[in-house]
Amino acid sequence: MELSIQTFIIVCPFLFLAGLVDAIGGGGGLISLPAYLLAGLPPHMAVATNKMSSCCGTTLATYRFAREHLISVKLAVPSVIAAVIGSFIGSHLSLMVPEKAMSTLLLIILPVSAFLVLNKKLFNDEGRDEITLNRRTYLTACAAAFFIGGYDGFYGPGTGTFLIIAFTIFAHLSIKTANAQAKVINLTTNITSLVVFLLNGQVLLPLGIAAAACNMLGGYIGAGLVMKKGAHIAKPSIIFVLGLLAVKVFFLNN
């Protein structure tokens, strides 16, 4: 496929915004993937190139969180394993169950998620920055990673957002710590997918590199914002992502 300057002009600003939103509240793919499609990329190349740029943005955001000691490797390792297992099961279930079944289920999940985020008693920034590694924390994090990883394998959009909500509400982590742990899981699953796409030659490297640079800049700025402002910046971003996902689900069901 031949790339024009217009393709870069369309994709790059959206990828910056996607990186910013993804670092703050997850769900950047709901912005970045449509940007590639809007620029005229075939769907398979759009998905593959999007995976490259999002991987780079997530890597930089993860690095910034790690530099601030917000990531627990001891918790991240079993969470990643649980997410990979869940994603493997979910991807196989997606072959047996129509996609519309998941989109119908999301019509229930989305308003519940919005209620949880808007409930100040449940979703707040009063959780721990430092992670207490006890049985409850491990079980909660791994269960969330497994089930949301299953959703990621089955359907996908908004995975990072759902992880942040789960880690904040059920594992009682602060917004920025929950976000940091979610980024590790997202990064692992993204890299796995990217390797497959690269081996099959589906990534448009010139566009992917330019878009990755924009995504990384957005991710770096977004990670800094969420570390400074926590729930004040994360809540609006998460509601925005849930709204985008609701629009997507609505159009799938009509």
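Modeller: Take cysteine 12: its sulfur is 3.9 Å from the closest cysteine sulfur, that of cysteine 214, which is too far for a bond. Keep in mind that this is a predicted model.

Colleague: What is a disulfide, and how many disulfides does a search of the whole structure find?

Modeller: In general, a disulfide is a covalent bond between the sulfur atoms of two cysteines. Here the search of the whole structure finds zero. The cut-off is 2.5 Å between sulfur atoms, so the 3.9 Å between cysteine 12 and cysteine 214 is too far.

Colleague: Is cysteine 12 buried or exposed?

Modeller: Buried means under 20% relative accessible area, so cysteine 12, at 14%, counts as buried.

Colleague: How do I read the largest nonpolar core, and which residues have the most contacts inside it?

Modeller: In soluble globular proteins, nonpolar side chains tend to be buried together. In this model the largest nonpolar core has 50 residues, and Phe162, Ile165 and Phe167 have the most contacts inside it. Helix α7, residues 159-169, gives the most to this core, with seven residues. Apart from it lies another core, of 11 residues, including Ala39 and Leu207.

Colleague: What does phenylalanine 167 touch, leaving aside neighbours within four places in sequence?

Modeller: Its contacts include Ala141, Ala144, His172, Leu173 and Ile185.

Colleague: Which nonpolar residues form a patch on the surface?

Modeller: Among them are Val73, Phe88, Ile89 and Val97, and the patch has about 980 Å² of accessible area together. Isoleucine 89 is in helix α4, residues 73-93, and is partly exposed, at 39% relative accessible area.

Conventions: Residues numbered from 1 in each chain as written. Predicted model: local features only at pLDDT ≥ 70, side-chain atom pairs only at ≥ 80, totals over all residues. Heavy atoms only, no water. Patch = residues over 30% accessible without salt bridge, like charges linked within 9 Å, V, L, I, M, F, W, Y side chains within 5 Å. Areas by Shrake-Rupley, 256 points an atom, 1.4 Å probe, with all protein chains shown as cover. Salt bridge = Lys/Arg side-chain N within 4 Å of Asp/Glu carboxyl O. Helix = DSSP H or I, 4+ residues; strand = E, 2+ residues; numbered from the N terminus. Buried < 20%, exposed > 50% of the residue type's maximum accessible area, 1.4 Å probe, protein only. Core = buried A, V, L, I, M, F, W, Y, C linked by side-chain atoms within 4.5 Å. Contact = heavy atoms within 4.5 Å.
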